[in-house]
Amino acid sequence: MDLSFSEEQRLLGDAANRFVAGRYSFEARRAFLQSPEGFSRDIWREFAELGWLGLGIPEEFGGLGGGAVETGLVMEALGRGLVVEPYLATAIVAPYLILALGSPAQKSELLPQIVGGQLLLALAQAEPQSRFALNDVTTIATRTATGWTISGRKQLVLGGPWADRLLVVARIDGERRDRGGIGVFVVPAQSPGMTATDYPTLDGARASNVVFDAVALPPEALLGDNREALPAIEAAADAAIVAMSSEAVGCMQVLLDTTVAYTKTRIQFGKPLADNQVLKHRMAAMAVKIEEARASALHAILAADADPVTRSRAASSAKVKVGRAGRFVAEQAVQLHGGMGVTEELNVGFYFKRLMAIETIFGSTDFHLQRHVELSRAVNAA
Amino acid sequence: MDLSFSSEELAFRDEVRDFIAKNLSEDARRGTRLSPSAIPEKPVFGSWYTALGKRGWVAPYWPVEHGGAGWSPAQRYIFESECSRAGAPRLLPFGIHMVGPVIIKFGSQQQKDFYLPRILSGEDYWCQGYSEPGSGSDLASLKTRAVRDGDHYVVNGTKIWTTHAHFADRIFALVRTSDTPKRQEGISFLLIDMKSPGISTRPILTIGGDHEVNQVFFDDVRVPVENRIGEENKGWTYAKYLLEFERGAGFRATGLRRQMKELRELIAQHAGGIVDADASIASRMSEIEIDIDAIEMIELKLLSDVQAGRNPGPISSVLKLRGTEISQAITRLGVDVIGYDALVWEPRRPLYGLNEPPVLPEIELAVLPAHLDTRAATIYGGTSEIQHEVIAKQMLGL
């Protein structure tokens, strides 16, 4: 057992925080969001130069070969800066699926392009009826003489408008909620038969709803010719949850620091707000929630390579803990900033909205509490 | 960073398991389960304490030269988890975790030589003389007075909430030795023999029906000056050092996991399948497990930081605050699980030594008293409100 960061990890965390502080100010971010594309390709290039797009990708494909600890350090920094670039989709979820499912040829083709920043990817998984259930898939992939055709509807494809290719989860075999018979397809954006509706998301990013109408694909579009992809999709979702937990901790820490600083300087009734015990204790409660969330995220990080039940249970644990903590910290930060807290003139509300998004992406707090109950039943029965 | 155990650590775990198998009696386990209050009584922990003493594991966290085991953080965690899992009694904290570390850090050589071995052997059973009827959270307002008379202090006053004073051989007490305007600078730290003439105790029954705490009266009690820790009027420094140990020492998560294990056994035996039948109980169990995972991670990280020479800081307040709240949530769930049986009042004590069979099945006997007694957990050792003050001041600079 060893719970200390290595020197390299410490340097990575420092570098990530420095980068965000220097390159991703509130004003810079606002400009990125208001640009036509809605994100910064310069920032993306710099991520590639820093090696962060290959953080979790093995060295043989040009990556740094890091693990969940390294990813967590970078994500916490990205959380501090409310970075909207599609790091989660392209540098965490997509490589995870490609590494878990892809053929050697697919890995060699796709992974180096991710590392180099040339290839942006997005996951098309959720469907209008699926809510958070990863096994609820009605988009159908049919084998044809020349390859595959895909038909169905996907919603909330995060980073969809920016993606060069989509990773589309589709059913090859079985009924709507069957765990078997699911595959992941690599689909070029704007393939004939695809209709995308692009929209902004509450946290400043962009997403698409996509209709697939008999979209024709070559045989090698299916990742690894794998028709039992659900376990890998679940693992990728867990990895995303764990990464977002660190991001949320970064968001919460900024909110607490900002709130403490504000209440120390804002004078009412002839004294700083922070002199009031009711506010002091509220901020102490925020700090406690953040410490717990940080610990819960670390717990999930360290379970990232464990057996699926342990890994998923830890990820759901973190989702619940971080979801509740994020809510509390964000709501109190807004409350303690008073009227200014509900305006777009302060960054507080933007952190609030990102924390709301994190709470929902890959499953709500209630969903994960229920998942934890079910996984615990398995653990306690063993 | 890695949570898994090395082969050496796994070998140590086997060693601990083997020790527990050979030395933890069924009586000690049963007595522990049937001890609703924070700390079991001597008949429950006696044989376990003696066995640990012989092995050198009573106070493993003390410096090796004073009888500590020199364990790594992983070994500490393994030892505590295994003891909790096996249902071993919690050891009295007053000697091992409180006055022991103070004597080691601030005591004279003579005091170390005399007191420390007696703690390790179990010969001396200590209690804590901090709170007074007029001094709870505002500890520095304490009034129990020690007046110098030759080579003795003459102590007059009263202490309250004194856990196990009715069993204790010695008490460590904060006493006022000066009336300086800054109240903290007029306090001294004395080690007092409970058999001294002039000491009397009054039992205080708590709402769980247990006699755990007392009021202790000092009426012209003569205490040798050599029983003072460190310097006169510097007692507050030593007292604060002790409080940090009280809040931060030990492992809350392993104890909480034991509580959860007992709760699962209760559920299994009481109404087989109640968790399946009642979705809200299953959800509350998961919420608590999730809380414990976080607390455990904070503790492990803290241990690792301390090992690396970093100051743990006010995180011990976070652990005290949340650990006690989680413990309360578990005991409250226990009460909800047994339903109507939570209205059955068992007035007899000790629960592990009843002469006539109780109304309730044995597995339920301690559920209600434990719930009621645990209400004290967010009050003693610095209330939750004081912990918020500490966190606001030390973590946030407020």
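Modeller: In this predicted model, the contact draws 30 residues from chain A and 32 residues from chain B, two residues being in contact if their C-beta atoms, placed from the backbone, lie within 7 Å. On the side of chain B that touches chain A, the elements giving two or more residues are H10, helix H11 (315-338) and helix H13 (384-394) of chain B; helices (H or I, at least four residues) and strands (E, at least two) are DSSP runs, numbered from the N terminus. H10(B) provides the largest share of that side, 13 residues.

Because the model is predicted, local features need pLDDT of at least 70 and side-chain atom pairs count only at pLDDT 80 or more, while totals for chains, interfaces and linings use all residues. Residues are numbered from 1 along each chain as its sequence is written, and chains are lettered from A and ligands numbered from 1 in the order in which they are written.

Within the contact, helix H8 (residues 277-302) of chain A packs against helix H10 (residues 279-307) of chain B at about 85 degrees, the axes being 8 Å apart; axes are lines fitted to C-alpha atoms, for helices over the stretch in contact, and angles run from 0 to 180 degrees between N-to-C directions. H8(A) is therefore roughly perpendicular to H10(B), a term covering 65 to 115 degrees. From H8(A), the contact uses Glu291(A), Glu292(A), Ala295(A), Ser296(A), Leu298(A) and His299(A), and from H10(B), Asp293(B), Ala294(B), Met297(B), Ile298(B) and Lys301(B). These residues comprise 5 nonpolar, 2 polar and 4 charged.

Elsewhere in chain A, strand S7 (residues 206-217) has two partners to describe. S7(A) pairs antiparallel with strand S3 (residues 148-158) over 8 bridges, where two strands pair if DSSP finds at least two bridges between them. In this pairing Thr149(A) stands opposite Ala216(A). Strand S6 (residues 194-200) of chain A also runs antiparallel to S7(A), joined by 7 bridges, and Asp198(A) has Ser208(A) as its bridge partner in S7(A). The hairpin of S6(A) and S7(A) has 5 residues between the strands, and Gly204(A) takes a positive phi near 95 degrees there.

Definitions and conventions. Parallel < 35°, antiparallel > 145°, perpendicular 65-115°, else oblique. Nonpolar A, V, L, I, M, F, W, Y, C, P; charged D, E, K, R; others polar.
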